[in-house]
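Please work through each task with the sequence and the model in view before reading the solution.

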Amino acid sequence: MDAVPVTEPQATVQHAARGDRVARTREAIISSTQSLAQEGEVAPIVRDIAKLAGVSARTVFQHFADTAELYVAVLGRVLATVTSGPIELNRQLPLDQRIGVVVDHRAERYETVRPMWTFIQTLQRRSAEAAAKLVGIYSGNREQIADSFGPELSALPGDKRERTLNALSVALTPESWIVLRERLGLTVEQAREEWRFILRAIFSDTH
């Protein structure tokens, strides 16, 4: 019996289905790796990743050349969450209220990545691509701070403006949040209050 030729619409449907399966598998691998990193794994191993994703180790390497490429994909996902969306902030609000909004916005995002910060730090030392991606957090944060506190910063002379912006940027780094939460053992609200205190002190020193 002659084989029935696959028509063009059928071929298109089959190709789309294969594409969907590939995308789902890749997503499962990335999500599983991220879950392990959030549980504190500094370098999740392929065996555990594959088991959690419901695939074989061989399948993992069909989608990623090596674990470094997979880890960078996870990092991209995480950083997109941290830097997603501008701060919804009315620049006409009093300074203290704006400080509160900025602190809450930054704290919420950093708290989500806190469990996997060691994974992120380790990866950026091993991968130039990861390090470059991480730089985006700091440059993006600095831009947001400059915008959020524009009225106060613009009133300062050039050199003092830059130094104040640098101080604010350092105060609101992920590392600062990690120190407050893990090294000093503060609760989320206590850490937020410390950040508010630090930002108020920085602005107070500009007068």
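**Exercise 1.** Determine in which hand H5 passes H11, and describe the geometry and composition of their contact.

*Solution.* Step 1: the crossing of H5 over H11 is right-handed; a crossing counts as right-handed if the near helix is turned clockwise from the far one by less than a right angle, and left-handed if anticlockwise. Helices here are DSSP runs (H or I, at least four residues), as strands are runs of E of at least two, numbered from the N terminus. The model is predicted: local features need pLDDT of at least 70 and side-chain atom pairs count only at pLDDT 80 or more, while totals for chains, interfaces and linings use all residues. Residues are numbered from 1 along each chain as its sequence is written, and side-chain values use heavy atoms, with hydrogens and water left out.

Step 1: the axes of H5 and H11 (residues 188-204) come within 9 Å and cross at roughly 135°. Axes are lines fitted to C-alpha atoms, for helices over the stretch in contact, and angles run from 0 to 180 degrees between N-to-C directions. The two helices are therefore oblique to each other; angles under 35 degrees count as roughly parallel, over 145 as roughly antiparallel, 65 to 115 as roughly perpendicular, and the rest as oblique.

Step 2: the residues of H5 in contact (heavy atoms within 4.5 Å) include Leu95, Ile99, Val103 and Ala107, and those of H11 include Val188, Trp195, Leu199 and Phe203. By class, this contact of H5 with H11 has 9 nonpolar, 1 polar and 8 charged residues. Ala, Val, Leu, Ile, Met, Phe, Trp, Tyr, Cys and Pro count as nonpolar, Asp, Glu, Lys and Arg as charged, and the others, Gly among them, as polar.

**Exercise 2.** Describe how H5 is oriented to H7 and which residues make the contact.

*Solution.* Step 1: H5 and H7 (residues 128-148) have axes that come within 11 Å and cross at roughly 160°. This angle makes H5 roughly antiparallel to H7.

Step 1: H5 contributes Arg98, Val102, His105, Arg106 and Tyr110, and H7 contributes Ile137, Asn141, Gln144, Ile145 and Ser148. The contact of H5 with H7 has 4 nonpolar, 4 polar and 2 charged residues.

Step 2: H5 passes H7 in a right-handed crossing.

**Exercise 3.** State how many salt bridges the whole structure has, and examine the one between Arg114 and Glu182.

*Solution.* Step 1: the search finds 18 salt bridges (a side-chain nitrogen of Lys or Arg within 4 Å of a carboxyl oxygen of Asp or Glu) in the whole structure.

Step 1: Arg114 and Glu182 are joined by a salt bridge of 3.2 Å, N to O. Arg114 lies in the loop between H5 (95-113) and H6 (117-126) and Glu182 in H10 (residues 174-183), so the pair ties together parts that are 68 residues apart in sequence.

Step 2: Arg114 is buried, with a relative accessible area of 19%, and Glu182 is partly exposed at 37%. Buried means under 20% relative accessible area, exposed over 50%, and partly exposed in between (1.4 Å probe, protein chains only).

**Exercise 4.** Identify the network of salt bridges to which Arg200 and Glu193 belong.

*Solution.* Step 1: the closest N and O atoms of Arg200 and Glu193 are 3.4 Å apart, in a salt bridge.

Step 1: salt bridges that share partners join Asp96, Asp104, Glu189, Arg192, Glu193, Arg196 and Arg200 into one network.
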